[in-house]
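Q: I would like to learn how to read a protein model step by step. Could we begin with the sheet, then turn to the helices, and end with a single residue?

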Amino acid sequence: MALEVGIVGLPNSGKTTLFNALTRAGAEITAYASVSDKPNVGMAAIADDRLPRLAALVEARKVTPAAIRVVDVPGTGPQLLGNLRQVDAILAVLDGFSDDATPDDDLETLRLELVVADRDHVERRRERVAKEAKSGDAGVRAELDVLDRLLDHLDRGETLSGWPDELPEALDPLTTKPLLAVENAPGGIDLKLEAELAELPEEEAAEFREGPSALDEVVRRLKDALGLIAFFTVGEKETRAWTLRRGETALDAAGTIHSDIARGFIRCEVISTEDLLDAGSHAEAARRGTQRLEGKTYVVQDGDVLNIRFNV
Ligand SMILES: Nc1nc2c(ncn2[C@@H]2O[C@H](COP(=O)(O)OP(=O)(O)O)[C@@H](O)[C@H]2O)c(=O)[nH]1
Ligand SMILES: [Mg+2]
């Protein structure tokens, strides 16, 4: 499953512009609130300069970057924000380009909208559980009790992240997710410019920019917020980057590639990107002894090149 990020923001702050710049999907950008309430969904590639170097080593015919799924919801009501309950992080887009822009106030407004959406979520869950509790099931009654106390907690102005115990498993809150604010302004992250540059070939776009791409910066901050690392699979047919969360194992890496590979996992050849590039080939790396064999529980490191042996 690819990681997911949700975009939130007030109307006309530049959410869909950011979505297009990240995904190059070309969703409709309007100067008015969208009539459709369907979220835009697309994939954003994660730039990593190690990938082309690894691909060059084996003259890979196909090079595939890692990607994050991006969801752009056209509004901030509880129902629309409910589309974001499964995302791993939230990007808050703030208007910094209008004459009367108030990005700090807008961020507060957005945080409040998320709090309201979560209260709504807890309340709906409580209604459902209250109906089921009439049957007398002990587990259901216990959840009802927790939800009642949780609603009291929220009504005292406290947050879900401030809840001292574990939250009921059935809840998927928004306010406990990592939230990253992106101010959309010339001189900062100029999304309109980025969306335009995203349509150009990479070299041409780079000539327009002074520094690194502002979007790469957004993706880099996202990776930090989520604790993501990259690993690579290097082959002539395809060389590919993948993401894992820091601390995940070789077995998790296998599962990211394909559930069959996880099921049939035998062992995993591991070498760091640097060692492989230094050696110039897998054969030379093996001769130098910089490649090793690891088992299922090996904790994958950022930049590891993995070759998983498995049987089906
Ligand atoms: N000047 C300027 N206009 C922008 C910028 N980003 C978005 N816009 C404009 O603001 C309007 C709304 O943008 P859109 O991405 O659809 O906002 P959304 O409602 O948050 O999805 C469009 O007319 C965009 O062209 C920006 O960075 N600078
Ligand atoms: Mg939009």
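Q: How many strands does the open sheet have, and in which order do they lie?

A: Bear in mind from the start that this is a predicted model. To read a sheet, we follow the strands in the order in which they lie side by side, and here the open sheet has five strands in the order S2-S4-S1-S5-S6, with mixed pairing. The edge strands are S2, residues 40-45, and S6, residues 179-184, each of which pairs on one side only. From one strand to the next, the twist averages 30 degrees.

Q: In which sense do S2 and S4 pair, parallel or antiparallel?

A: For a pair of strands, we look at the sense of the pairing and at the bridges. S2 pairs with S4, which covers residues 67-72, in the antiparallel sense over six bridges. Within this pair, valine 41 has valine 71 of S4 standing opposite.

Q: Which strands does helix H1 touch?

A: When a helix packs on a sheet, we ask which strands the helix touches and what angle its direction makes with a strand. Helix H1, residues 15-23, touches S1, S2, S4, S5 and S6 as it packs on the sheet, and its direction makes about 45 degrees with that of S2. Helix H8, residues 214-226, also packs on the sheet and touches S1, S2, S4, S5 and S6, while its direction makes about 165 degrees with that of S6.

Q: At what angle do H4 and H5 pack?

A: For two helices, we read the angle together with the separation of the axes. H4, residues 103-133, and H5, residues 138-155, pack at about 150 degrees, with axes 9 Å apart. Because angles over 145 degrees count as roughly antiparallel, H4 is roughly antiparallel to H5. Their crossing is left-handed. Among the residues that make the contact are Val122, Arg126 and Val129 of H4, and Leu144, Leu147 and Leu151 of H5. Sorted by class, this contact of H4 with H5 has ten nonpolar, seven charged and no polar residues.

Q: Does isoleucine 266 count as buried or exposed, and why?

A: Here we count the C-beta neighbours around the residue. Isoleucine 266, which lies in strand S9, residues 265-272, has 12 such neighbours inside 10 Å and therefore counts as exposed, since a residue with 12 or fewer is placed in that class.

Q: With which residues is isoleucine 266 in contact, leaving aside its neighbours within four places in sequence?

A: With those neighbours set aside, isoleucine 266 is in contact with Arg309, Phe310 and Asn311. Asparagine 311 is 45 residues away along the chain, yet the C-alpha atoms of isoleucine 266 and asparagine 311 are separated by 7.2 Å.

Note on methods. Residues numbered from 1 in each chain as written. Chains lettered and ligands numbered in written order. Predicted model: local features only at pLDDT ≥ 70, side-chain atom pairs only at ≥ 80, totals over all residues. Pairing = 2+ DSSP bridges. Helix = DSSP H or I, 4+ residues; strand = E, 2+ residues; numbered from the N terminus. Axes fitted to C-alpha atoms, helices over the stretch in contact; angles between N-to-C directions. Contact = placed C-beta atoms within 7 Å. Parallel < 35°, antiparallel > 145°, perpendicular 65-115°, else oblique. Left-handed = near helix turned anticlockwise from the far one by under 90°. Nonpolar A, V, L, I, M, F, W, Y, C, P; charged D, E, K, R; others polar. Buried ≥ 20, exposed ≤ 12 C-beta atoms within 10 Å, placed from the backbone.
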